[in-house]
Amino acid sequence: TAPVLVADCCNIGVVFRVLLVVNAIVLGVVTLQSARFAQALNAFVEASVVVELATLWSLFALCVLRRVLLVAQRRGYRMEAWLQRTLCVLLPAATTAVIVRALGASDIFQAGFGELTAAKSAIVAALLGLVFQHYFELRAKAFSPALVEARLQALQARIRPHFLFNSLNAVLSLIRSEPQRAESTLEDLAELFRVLMSDPRTMSSLEEELRLCRQYLAIEQIRLGERLQVDWQFDNVSEQQLRRAQVPVLLLQPLLENAVRYGVEPTSASTPVRVRIGRLLDRIEIAVTNAWLPGRDDSPIHPSGNQMALSNIRERLALLYDLEGQLATAVEDGRFEVRMSFPYQTSAA
């Protein structure tokens with residue numbers, strides 16, 4: 001038996017690549033068959049009706065197939081590799097043939113595609129399905145778990161030195177004056193480093209990620225006192241969804257560390273950090289906002305500044321979610337904001 005080899009055709013990155021290649025092939029074919037480019041462009045627009053329908057419905061069928069295989073895998077069943085590859089060829093062929101047959105009776109189809117039969121379209125779709133399946137398997141091997149794990153471990157290692165230095169200083173300041181609080185802080189620190197040392201491919205619940213962030217902020221509160229104020233806001237997301245939503249470990253903590261380091265530490269006044277977490281359709285959206293201090297050479301977006309946390313999160317999102325993981329920054333009304341979004345996934349998905 002083999003793991004799931006079917007590409008994640010629900011992913012925007014996969015859909016974009018397939019549509020781009022298929023449309024480029026169609027444009028190339030109609031250009032070679034036309035005497036003028038204007039005629040080729042007109043033929044391409046007409047062909048797009050069939051091409052886009054067949055491609056999108058084929059991707060949807062493969063997306064459903066992958067979801068079914070993942071559910072079956074969690075229940076102990078794994079489909080043979082040859083059968084998975086066969087289905088990746090047959091599903092696009094059958095889907096395209098059905099669409100061509102359904103549209104074949106229309107006058108618009110007969111005018112532009114009178115010679116296109118369901119059998120011919122099925123053969124072309126089967127060949128493209130074979131090519132794309134081979135490409136995505138090669139791409140998956142290039143980003144094999146071992147390589148991804150090594151890269152994510154290197155990325156996580158960048159978080160540790162600065163955070164460890166600050167945390168140990170905070171504990172040292174409490175050992176004599178508040179030993180019980182120092183013990184509690186060390187327990188929080190041990191829990192945080194347990195997560196830091198865990199498998200970087202591990203997914204945790206969003207609730208667990210928030211708990212770890214609060215532990216981190218409790219440690220920083222010792223150093224910064226009342227200067228550090230955190231405003232948690234939740235929009236259209238329930239406690240149950242927080243428990244079910246799966247996120248990569250330590251996705252949010254580096255952004256909070258950035259906010260503390262650049263928005264709170266340099267000032268002597270209370271400077272609130274706002275964390276907004278919401279769900280929009282099938283996506284989780286997180287925004288971290290802190291005071292913006294212009295003129296600092298080490299600001300998080302200054303060319304010579306420390307952009308480590310932002311680069312870390314951006315690369316982890318790209319590795320884990322492809323084009324569906326996004327991170328953007330903005331400065332508005334004297335506040336620096338980092339906005340992050342990624343697919344809403346659950347442990348049962």
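**Figure 1. The lining of the second largest pocket, sorted by residue class.** In this predicted model, the lining of the second largest pocket has 26 nonpolar, 11 polar and 3 charged residues. The lining counts 40 residues in total. V26, V51, L116, S121 and V124 are those nearest the pocket centre. The space in this pocket comes to about 1100 Å³.

**Figure 2. Helices that supply the lining of the second largest pocket.** At least two lining residues come from each of α1 (12-33), α2 (37-74), α3 (81-103), α4 (107-113) and α5 (118-142). Helix α2 gives the largest share, 11 residues.

Figure 3. The whole structure holds 4 aromatic pairs. One of them joins F132 and F136, with ring centres 6.5 Å apart and planes at 25 degrees. Planes under 30 degrees apart count as stacked, so the F132 and F136 pair is stacked. Both residues sit in α5, 4 residues apart, about one turn of the helix. Residues three or four places apart in an α-helix point the same way, because there are 3.6 residues a turn. F132 has 13% relative accessibility and counts as buried. F136 is buried too, with a relative accessible area of 10%. Ring pairs also bring in Y135, which forms a cluster with F132 and F136.

**Figure 4. The ring pair of Y321 and F342.** The ring centres of Y321 and F342 lie 5.6 Å apart, and their planes meet at 15 degrees, so this pair is stacked. The pair links distant parts of the chain, 21 residues apart. Y321 belongs to helix α12 (residues 308-321), whereas F342 belongs to strand β7. Y321 and F342 are both buried.

**Figure 5. Strand β5 and its antiparallel partners.** Strand β5 (residues 283-291) is largely enclosed by the rest of the structure, because 8 of its 9 residues are buried. Strand β4 (residues 271-280) pairs with β5 in the antiparallel sense over 7 bridges. Strand β7 (residues 335-343) also runs antiparallel to β5, and 9 bridges join these two strands. T289 has E337 in β7 as its bridge partner.

**Figure 6. The hairpin of β4 and β5.** The hairpin has 2 residues between its strands. L280 stands opposite R283 in β5.

**Figure 7. R335 in strand β7.** R335 is found in β7. Its relative accessible area is 21%, so R335 is partly exposed; the cut-off for buried is under 20%. The C-alpha atoms of R335 and G263 are separated by 8.9 Å. Along the chain, R335 and G263 are 72 residues apart.

**Figure 8. Helix α9 and the glycine that follows.** Helix α9 (residues 206-224) has 19 residues, which should span 27 Å at 1.5 Å a residue. The C-alpha atoms at its ends are 26 Å apart, which agrees with that expectation. Buried residues in α9 include L206, L210, C213, Y216, L217 and L224. E209, Q215 and E220 are also among the buried residues of α9. G225 follows α9 and has a positive phi, near 60 degrees.

Key: Residues numbered from 1 in each chain as written. Predicted model: local features only at pLDDT ≥ 70, side-chain atom pairs only at ≥ 80, totals over all residues. Heavy atoms only, no water. Buried < 20%, exposed > 50% of the residue type's maximum accessible area, 1.4 Å probe, protein only. Pairing = 2+ DSSP bridges. 1 Å grid on protein atoms, 1.4 Å probe; cavity = no way out; pocket = protein on both sides within 12 Å on 5 of 7 lines; lining within 4 Å. Points joined across faces, edges and corners; volume = space filled by probe spheres on them. Nonpolar A, V, L, I, M, F, W, Y, C, P; charged D, E, K, R; others polar. Expected span 1.5 Å × (residues − 1). Phe/Tyr/Trp six-rings, centres within 6.5 Å; stacked < 30°, edge-to-face > 60°.
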